Amino acid sequence: MSKSLIAVVEDERDIQDVIAYNLRREGYEVVTAERGDEGLALVQAKRPDLIILDLMLPGLDGLSICQSIRSDTATQEIPIIVLSAKSEEADVVIGLGLGADDYMPKPFSPRELLARVKAVLRRGSSNSKGAEEMLVHQNLRIDVLRHQVFLKDTELRLTATEFRLLSALIEQPGRVFSREQLINRVLGESVVVIDRNIDVHIRSVRKKLGVDAGLIETVRGVGYRIVSNI
Ligand code: CA
């Protein structure tokens, strides 16, 4: 099995160095870019297994890169982890909407990032193992095998993380899941928990559900569950 190739697009040299150093130490191959336009070209040329993408970049910003990667059939399946400063949470939500799989708020520990990287790569490789299931809840239909979600007859475009989140909730309608349980289901148990992270993904799923956003109910102080529209 060949080593996974990870592209790191980050203009802050110190951060880029720390990320690259830690990834290489774990045995990953790493390619880097400091400018956004160079980063996109790098991704198109190398087709890495994963992209770690800063949002604020010279040349071309992270959101535009995300959009380009997702709209190109050659690169659209490559998972993306977005890095963001605290002040950029609105951009993170947009990024997840554009198809980023996860995000890391700065500052983060290398250990935390490595856990995310492993979880995202593992998710990608386990997609093909395939259950035969079709999950149905009211107007929502999840084709587990094909990784498709339909609301009535419209297909929703969910990220891999959003897909797992919604599947976990719908598997057990009415059950309340804590944020921690959802993170374990969605990202794997090794991930250091940042509660707000799940909230951002939930917000994004709700947005995509549109008028049916109320299907995901917030249980105050506990977490989330799928309910039935009356
Ligand atoms: Ca930056």
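Where does pLDDT stay under 50 in this model? Over residues 127-132. For that stretch the model has 4 contacts beyond four places in sequence. This is a predicted model, so I will start with confidence and then go to the calcium ion and the salt bridges. The mean pLDDT of the protein is 85, and 89% of the residues reach 70 or more.

Now the calcium ion. Its protein donors are Asp11 and Asp54, each through OD, and Met56 through O. They lie 2.1 to 2.4 Å from the ion. Along the sequence, the spacing of the donor residues reads D-x42-D-x1-M. The two aspartates come from distant parts of the chain: Asp11 is in the loop between strand E1 (5-9) and helix H1 (13-25), and Asp54 is in strand E3 (residues 50-54), 43 residues apart.

Are these two aspartates buried or exposed? Asp11 counts as partly exposed, because its relative accessibility is 27%. Asp54 is buried, because its relative accessible area is 2%.

Asp54 also takes part in a salt bridge. Its partner is Lys106, at 3.1 Å from N to O. Lys106 sits in the loop between strand E5 (102-105) and helix H5 (110-126), 52 residues from Asp54 in strand E3. Both Lys106 and Asp54 are buried.

How many salt bridges does a search of the whole structure find? The count is 13. I will take two others.

One pairs Glu34 with Arg13, with the closest N and O atoms 3.0 Å apart. Glu34 is in the loop between strand E2 (29-33) and helix H2 (36-46), while Arg13 is in helix H1, and 21 residues separate them. Glu34 is partly exposed, with a relative accessible area of 31%, and Arg13 is partly exposed too, at 47%.

The other pairs Lys208 with Glu162, where the closest N and O atoms are 2.7 Å apart. Lys208 lies in helix H8 (residues 195-209) and Glu162 in helix H6 (residues 160-171), so this pair ties together parts of the chain 46 residues apart in sequence. Glu162 counts as buried, because its relative accessibility is 0%.

Last, the network. Which residues do salt bridges with shared partners join into one network? They are Glu10, Glu12, Asp54 and Lys106. Asp54, then, is a member of that network and a donor to the calcium ion.

Notes:
Residues numbered from 1 in each chain as written. Predicted model: local features only at pLDDT ≥ 70, side-chain atom pairs only at ≥ 80, totals over all residues. Heavy atoms only, no water. pLDDT = per-residue confidence, 0-100. Contact = heavy atoms within 4.5 Å. Donors = N, O, S within 2.8 Å, 3.2 Å for Na, K, Ca; no water. Helix = DSSP H or I, 4+ residues; strand = E, 2+ residues; numbered from the N terminus. Buried < 20%, exposed > 50% of the residue type's maximum accessible area, 1.4 Å probe, protein only. Salt bridge = Lys/Arg side-chain N within 4 Å of Asp/Glu carboxyl O.
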